[in-house]
Amino acid sequence: MGMSYLSRAPDREEAFRALYKSAYADLLKFVQRRTEVANAEDVVAEAFLIVWRRFSETPKHEDEARAWIFGITRNLMLNAHRGEQRRQALGVRLAETSTQTHTASHADAVSSRVDLGRAWELLSEVHQEALGLAIFENMTAPQAAHVLGISPVAFRLRLTRARRALRLLLDHVPRHESPAPATFPERASTP
């Protein structure tokens, strides 16, 4: 589909620079959504160091190369800090997204954010990851599948299951009623 970035560059260094320039900003956003902002540039720099070392393995087409880099970065983050920080960042981002669709009162918006946050926390990491790549990273199924190292069909199935799981959790998360000043809002609801 797209022209190879390698064919536009005269040598390895130029090809790397072209790839770096095309992927850096999106990759930085990708990392910022999953880790502390202060560490994001370091993670991206480390990812590009790996890309440089493994540059002979880089896919020829730019779209595929970008997805390959995202996959490297993902694995790097998984190895560096398992789960918790990434889950929190995605949960906050999801809560922000949900408030854009709500025009109800502030109390309702807060209640929805809490419900969505709880449901998100109950999702498996696999489901969070599928939803995150599709919604936050706006990746197509083939791109997200490449990041995860699975087929596009398997990714679509995973995404469908993730959406279904989130919907089911939202239906079963205890609703927060309007402010109850004398009581603490936390309810024991875990099975």
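What does the accessible surface of the chain come to, and what percentage of it belongs to carbon and sulfur atoms? Please then describe which residues the ring pairs link into a cluster.

Author: The model is a predicted one. The accessible surface of its chain comes to about 11,400 Å², and carbon and sulfur atoms account for 54% of this. Of the 191 residues in the chain, 41% are buried. The chain has 9 helices and 0 strands. Among contacts between residues at least 6 apart in sequence, 69% join residues at least 24 apart.

Against this background, the aromatic rings may be considered. A search of the whole structure finds 10 aromatic pairs. One of these is formed by F16 and Y20, with 6.3 Å from centre to centre and 35 degrees between the planes, a tilted arrangement. Both residues belong to helix 2 (residues 12-32), where they are 4 residues apart, about one turn of the helix.

F55 is buried, with a relative accessible area of 7%.

These rings belong to a cluster in which ring pairs link F16, Y20, Y24, F48, W52 and F55. W52, one of its members, also has a charged group over its ring: the charged end of R12 sits there, 4.0 Å from the ring centre.

The loop between helix 3 (37-53) and helix 4 (62-80) also holds E57. E57 is partly exposed, with a relative accessible area of 46%. Between E57 and W68 there are 9.5 Å in space, C-alpha to C-alpha, and the two are 11 residues apart in sequence.

For a view of burial along a helix, one may turn to helix 9, where F155, L159, A162, A165 and L166 are buried. They cover an arc of only 130 degrees around the axis, and therefore lie on the same side of helix 9. On the other side of this helix, V153, R167, L168, D171 and H172 are exposed.

Methods
Residues are numbered from 1 along each chain as its sequence is written. This is a predicted model: local features need pLDDT of at least 70, side-chain atom pairs count only at pLDDT 80 or more; totals for chains, interfaces and linings use all residues. Side-chain values use heavy atoms; hydrogens and water are left out. Buried means under 20% relative accessible area, exposed over 50%, partly exposed in between (1.4 Å probe, protein chains only). Helices (H or I, at least four residues) and strands (E, at least two) are DSSP runs, numbered from the N terminus. The arc is that of the directions from the helix axis to the C-beta atoms. Contact means heavy atoms within 4.5 Å. Accessible areas come from the Shrake-Rupley method with a 1.4 Å probe; for residues, only the protein chains shown count as cover. Rings of Phe, Tyr and Trp (its six-membered ring) pair if their centres lie within 6.5 Å; planes under 30 degrees apart count as stacked, over 60 as edge-to-face and the rest as tilted. A charge sits over a ring if NZ of Lys or CZ of Arg is within 6 Å of the ring centre and within 35 degrees of the ring normal.
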